[in-house]
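Student: I would like a close look at one part of this structure, the aromatic rings and what they join. Please take it slowly and in one piece.

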Amino acid sequence: MMPKVVPEFILQQYVAGERSGEFGAVGLFVDVSGFTAVTNILMQHGNETAETLAIIMQSIFEPLIAAVYEQGGFITGFAGDAFTALFAGEVEEMGARALAAGVKIQTVLNEQGLRQTDYGSFAFAVKQGLAVGDVQWGILEPDDEGLPASYYFSGEAVDGCAEAEHQAKPGEIILTRAVADLLVDVIDYEPIGERFCRWERVVGVLPEVMPIESAEPAEMWLKFVDEGVAAKVTDGEFRQVVSLFLNLKDIHTTEQLTIFMQSVFRLQKRYGGYLNHIDFGDKGCNLLLFWGMPSSFENDLERALNFVLAIPTVTPGTFRAGVTYQRMYAGLIGSVQRQVYSCYGQGVNLAARMMTAAPW
């Protein structure tokens, strides 16, 4: 079975000739803690534990992703231990469906968050945020046909659910006031300041689950995937990887992002690098790139540093960045509904923190 590493929504729009648009939705941001700790411990026991880590990750993500799709949502992308899901349609119904997915996710990790292995016991927890609003999306195609296209989702629902999640503690679901207003007859909640509410309990009836469509992804998915990833979709391994997080300043429109991304695509052609994702959230527009996966070279670190140092010479855009070079897990993670080929480990988290702390 071909991996579903690109949202079906994006593939449908690409085939239809659409390259950007807007719709209303409820966003759900799901942040799972525990993967970094288990990755760091298993790496100490050699490459043979990569399979153990892959099994743990799949067992955690599988029911969480299913909870989204059985309520009619879809996952836009993954960011480390977290993912963003959108529920598009009539907002009152989608608000209830997004919450139903969140409650299911919370229940699953409350009941199944402890994993026993030959290398110890590992605990996982989840924080979640919900928001409602407009969503903008776009497909970005490089001028050079030898590179894969990329895509993004941004807007109030995307930014808001990430910001709501930042107010949550493990085991909590935080709603924006607008979402709470949609669900006032269905839930009890506790206000948190002027903008957010903490979900307490369901007092009404949440939507029933829907059958999950399991059609094969359109062959067009290869337009969005690096050739090395397409050849490695079943592998999971520990690799020495350069992680580069870029935060772009004052990028708000498709036109602005397209100008910057064409420069990024040209630098990829020169220095390599695997563009893992373009992510919008409460910290603006972020890019995550890797060197050392899916293929590696002796000078990966040099390539990555030359890449980031060259950015000011090819674009007027302002950015800040964080770079790390560490051994991490690289592999395909997710479920039959949605997957991602990415890296997990301290290197990604540290690069993100360094980026946030860096001056523009």
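Tutor: What follows goes through the ring pairs and then turns to a helix and a pocket.

The model is a predicted one. Searching the whole structure gives 18 aromatic pairs. One of them is formed by F9 and F153, whose ring centres are 5.9 Å apart and whose planes stand at 50 degrees, so the pair is tilted. It joins distant parts of the chain, since F9 belongs to helix α1 (residues 8–15) and F153 to strand β7, 144 residues apart. F9 has a relative accessible area of 18% and is buried, because the cut-off for buried is under 20%. F153, at 5% relative accessibility, also counts as buried.

Strand β7 holds a residue of another pair as well. Y151 and F224 pair edge-to-face, with 6.1 Å from centre to centre and 70 degrees between the planes. Y151 lies in β7 and F224 in the loop between β10 (196–202) and α7 (227–230), so this pair ties together parts 73 residues apart in sequence. Both Y151 and F224 are buried.

Helix α8 runs over residues 254–271, 18 residues in total, and reaches 25 Å from its first C-alpha to its last, close to the 26 Å expected. Its buried residues include L257, F260, M261, V264, F265 and Y271. An α-helix has 3.6 residues a turn, so residues three or four places apart point the same way. After α8 comes G272, with a positive phi near 75 degrees.

Helix α9 contains D300. D300 is buried, with a relative accessible area of 4%. Leaving aside neighbours within four places in sequence, D300 is in contact with V242, W291 and G292.

The second largest pocket has a volume of about 680 Å³. Its lining has 28 residues, and F29, A79, H166, F245 and A352 lie nearest its centre. Helix α10 (346–357) is one of the elements that supply at least two lining residues, and its six residues are the largest share. By class, the lining has 10 nonpolar, 10 polar and eight charged residues. Helix α5 (156–165) also supplies at least two residues of that lining. Seven of the 10 residues of α5 are buried, so this helix is largely enclosed by the rest of the structure.

Terms used. Residues are numbered from 1 along each chain as its sequence is written. This is a predicted model: local features need pLDDT of at least 70, side-chain atom pairs count only at pLDDT 80 or more; totals for chains, interfaces and linings use all residues. Side-chain values use heavy atoms; hydrogens and water are left out. Helices (H or I, at least four residues) and strands (E, at least two) are DSSP runs, numbered from the N terminus. The expected span of a helix is 1.5 Å times one less than its number of residues. Buried means under 20% relative accessible area, exposed over 50%, partly exposed in between (1.4 Å probe, protein chains only). Contact means heavy atoms within 4.5 Å. On a 1 Å grid over the protein atoms alone, a cavity is a set of points where a 1.4 Å probe fits but cannot get out, and a pocket is an open set with protein on both sides within 12 Å along at least five of seven lines; lining residues have an atom within 4 Å of a point. Grid points are joined across faces, edges and corners, and a volume is the space filled by probe spheres set on the points. Ala, Val, Leu, Ile, Met, Phe, Trp, Tyr, Cys and Pro count as nonpolar, Asp, Glu, Lys and Arg as charged, and the others, Gly among them, as polar. Rings of Phe, Tyr and Trp (its six-membered ring) pair if their centres lie within 6.5 Å; planes under 30 degrees apart count as stacked, over 60 as edge-to-face and the rest as tilted.
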